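Work through the exercises below with the sequence and the model open. Each task is followed by a solution in steps.

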Amino acid sequence: MVDRIRNDSPVLVIGLGRFGAACAGELDRLDRDVLAIDESLELVQKWSERVTHAVQADARNIDALKQIGAQDFQVAVVAVGSLIEASVLITANLVDLKVPQIWAKAVSQAHGKILARVGANHVIYPEREAGERVAHLVSGRMLDFIRFDDDFALAKMYPPKFIRGIGLNESGVRSKYNVTVVGVKSPGRPFRYAEANTIVTNHDLIIVSGTNSDIERFASLDR
């Protein structure tokens, strides 16, 4: 049933703290209809003109969720992870209301396990993921880093000297370092997909894919 959910379905966002507000705001910018709810009238008023709808309600109360029509949503985001008991209860309420796709924020592995057992389809660890990302960036070798669960990552960085001025097929990046240059950005131009004959210059940025360890090794090469 989750696979049949349309990618333009309205989204219910519960909690308007930093994470929930950022999620609701970005969804709105993506032209998704959003119903954001929070117990705080101040937060609801703050966001009432920035998202499609914002309502004051206590999502721990399943009757309150029914009154705002939570059962009619296909997708919900539980963004109150710092309040563990509340996030678990809200997630359970959404499961009881048969919301097909539930994304829930967790603050720890144990919290995440509980949310998954209660019925959350996707558990998010924003603080942990942000910490891991920063750890890869503090060395200054990478400009951005995204890690996936299967030890696969994407990184934005300046190209090492040995691949500059020649085609990527000549540089032997993939065979020597087991990483793939998937995109290149030249100054004043958007990112473009890299091809075998793409030539990287001194002023370019590159997007590289590979395992965490291979990308770290590649990023450590002479710049």
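**Exercise 1.** In this predicted model, find which residues of the largest nonpolar core touch the most other members.

Solution. The largest nonpolar core has 22 residues. Those touching the most other members are L12, I14, I37, L65, V78, I90 and L94. Next, look at where the core comes from: strand 1, strand 2 (34–38), strand 4, helix 4 and strand 5 each supply at least two of its residues. The largest share, 3 residues, is from helix 4. Finally, look away from this core: another one, of 21 residues, lies apart from it and includes F145, V181, A194 and V200.

**Exercise 2.** Check whether the length of helix 4 agrees with its number of residues.

Solution. Helix 4 covers residues 84–96, which is 13 residues. The expected span is 1.5 Å times one less than the number of residues, so at 1.5 Å a residue helix 4 should span 18 Å. Its end C-alpha atoms lie 18 Å apart, in agreement with that value. Just past the end of helix 4, K98 has a positive phi of about 65°.

**Exercise 3.** List the buried residues of helix 4 and name the elements they pack against.

Solution. The buried residues are A86, S87, V88, I90, T91, N93 and L94. Their packing partners are strand 1 (11–14), helix 3 (62–67), strand 4 (75–78), strand 5 (101–105) and helix 5 (109–118).

**Exercise 4.** Decide whether helix 4 and helix 5 are roughly parallel or roughly perpendicular.

Solution. The two helix axes come within 9 Å and cross at roughly 15°. Angles under 35 degrees count as roughly parallel, so helix 4 is roughly parallel to helix 5. The crossing of helix 4 past helix 5 is right-handed. On helix 4, the contact is made by I84, S87, V88, T91, A92 and V95; on helix 5, by H111, I114, L115 and V118.

**Exercise 5.** Is G25 buried or exposed, and which residues does G25 touch?

Solution. First locate G25, which lies in helix 1 (residues 18–29). Buried means under 20% relative accessible area; G25 has 5% relative accessibility and therefore counts as buried. Not counting residues up to four places away in sequence, G25 touches W47 and V51. As a distance check, G25 and V134 are 109 residues apart in sequence, and their C-alpha atoms are 23 Å apart in space.

Conventions:
Residues are numbered from 1 along each chain as its sequence is written. This is a predicted model: local features need pLDDT of at least 70, side-chain atom pairs count only at pLDDT 80 or more; totals for chains, interfaces and linings use all residues. Side-chain values use heavy atoms; hydrogens and water are left out. Helices (H or I, at least four residues) and strands (E, at least two) are DSSP runs, numbered from the N terminus. Buried means under 20% relative accessible area, exposed over 50%, partly exposed in between (1.4 Å probe, protein chains only). Contact means heavy atoms within 4.5 Å. A nonpolar core is a set of buried Ala, Val, Leu, Ile, Met, Phe, Trp, Tyr and Cys residues joined through side-chain atoms within 4.5 Å. Axes are lines fitted to C-alpha atoms, for helices over the stretch in contact, and angles run from 0 to 180 degrees between N-to-C directions. Angles under 35 degrees count as roughly parallel, over 145 as roughly antiparallel, 65 to 115 as roughly perpendicular and the rest as oblique. A crossing is left-handed if the near helix is turned anticlockwise from the far one by less than a right angle, and right-handed if clockwise.
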